[in-house]
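Morning, everyone. I have one model to walk through today. Please have a look at it first.

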There are 2 protein chains.
Amino acid sequence: MSWEDVTQQQCPIARASAVLGDRWSLLILSDFFLGVRRFDDFQERLNIPRTTLANRLKRLQDHDVIYKRAYQGQPIRYEYRLTQKGRDLFPVITTLASWGDRYYFNESELPILRQHKLCGHDIQPVLTCPECHEPVDADSIAVRKRPEKPGLPTVKRGPIVYQ
Amino acid sequence: MSWEDVTQQQCPIARASAVLGDRWSLLILSDFFLGVRRFDDFQERLNIPRTTLANRLKRLQDHDVIYKRAYQGQPIRYEYRLTQKGRDLFPVITTLASWGDRYYFNESELPILRQHKLCGHDIQPVLTCPECHEPVDADSIAVRKRPEKPGLPTVKRGPIVYQ
DNA sequence: GAGGTTAGTCTAAAAAATAGACTAAGTCCA
DNA sequence: TGGACTTAGTCTATTTTTTAGACTAACCTC
């Protein structure tokens, strides 16, 4: 099975990995959420090779996560912006940043602070249930395969239990 | 700047990318949360090259995300388990799965369903503010650099604004 | 002792990432 | 009119990483 085949599996993480599964994409996305839009700014901030950056921005465009937009003419110059699909990666980047903050920095030494505009607190957002509003973690979720349906592809990678 | 240097930056996403920034790690983690523990199970489910899988499991161990545990003697065989640090990646995998679900599958065709044990609903968890309990997205967060402090390294990649 | 199981390692080939020079198309300055 | 600057890339040769697939170790069961 080629990597292309893997990414076409019946698995949302496989689809997401086709877009974000490499050294740089999460870092590039994180810079987008910090306001970065231009090729040279990404390149200098991340110290990413120019060829690699061009390839990544191309792939993010191909997957409709960002789009290219002229910000001046004469000479025409383009910048990159998040699409709605791209903006919807905010929870992924935020939870990853929280994890990195927790395990690689002391609380008083966090490099970036995130303030909730509504209530004014500096926060690390938490995952909650949209129905009962309780916090959610690995132990509070039961995972199962979608039932097989005629006409739909088989789900191969379901939950497993040993013994 | 080498990749090793990038990953030592004052940035939680850079640290996290040192662990998870590649084709396979998010998929491997996602399988861990589905209960997978053994080398051959990961290998068969993901169709990952055995060499690559061995390298990834090694790296996840080096970063204290998983640990190796004997599950039988004669012949002794090892399985892999998530550490607390690994279990704390649940919000990352879950939000990524939600994003993949939203953009790559119809609602009635989601491959994996997640039920909140407490209230019984099938859910896609949402990100909320731990202080005021309101949902949080990119627009509701204001980001800033930690103020420079003597004795602490400079934060180089802060938010930027054009014009 | 033949064949099976599990968790890897080994090797050569293919693919991807990298550093760094270069290009295009305009600007601004003198 | 020419030289230096800006920005968003491309080009090329080299290095690094990934890959496929055969092989190994150590013990089991028949």
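Let's start with a question: which residue of β5(B) is the bridge partner of A:His116? It is B:Ile141. Strands count as paired if DSSP finds at least two bridges between them. Elements here are DSSP runs numbered from the N terminus, with helices being H or I of at least four residues and strands being E of at least two.

Some housekeeping. This is a predicted model, where local features need pLDDT of at least 70 and side-chain atom pairs count only at pLDDT 80 or more, while totals for chains, interfaces and linings use all residues. Residues are numbered from 1 along each chain as its sequence is written, and chains are lettered from A and ligands numbered from 1 in the order in which they are written.

Now the contact between the chains. It takes 85 residues from chain A and 84 residues from chain B; contact means C-beta atoms, placed from the backbone, within 7 Å. On the side of chain A that touches chain B, α7(A) gives the most, 14 residues. By class, that side has 48 nonpolar, 16 polar and 21 charged residues. Nonpolar covers Ala, Val, Leu, Ile, Met, Phe, Trp, Tyr, Cys and Pro; charged is Asp, Glu, Lys and Arg; the others, Gly among them, are polar.

Next, DNA strand D. There are 20 residues around it, and A:Arg38, A:Arg50, A:Thr51, A:Ala54 and B:Pro75 come nearest. Near means that the C-beta atom, placed from the backbone, lies within 6 Å. α5(B) provides the largest share of this surface, four residues. The classes are six nonpolar, six polar and eight charged.

B:Pro75 comes up again in the backbone. The peptide bond from B:Gln74 to B:Pro75 is cis, omega near -10 degrees. B:Pro75 sits in the loop between β1 and β2 of chain B. In chain A, a cis bond joins A:Gln74 and A:Pro75, with omega about -10 degrees.

Last, phi. Most residues other than glycine have a negative phi. A:Gln74 has a positive phi of about 50 degrees. A:Gln74 counts as exposed because it has 5 C-beta neighbours inside 10 Å. The cut-offs within 10 Å are 20 or more other C-beta atoms for buried, 12 or fewer for exposed, and partly exposed in between, with C-beta atoms placed from the backbone. A:Asn47 has a positive phi too, about 55 degrees.

Conventions. Two residues are in contact if their C-beta atoms, placed from the backbone, lie within 7 Å.
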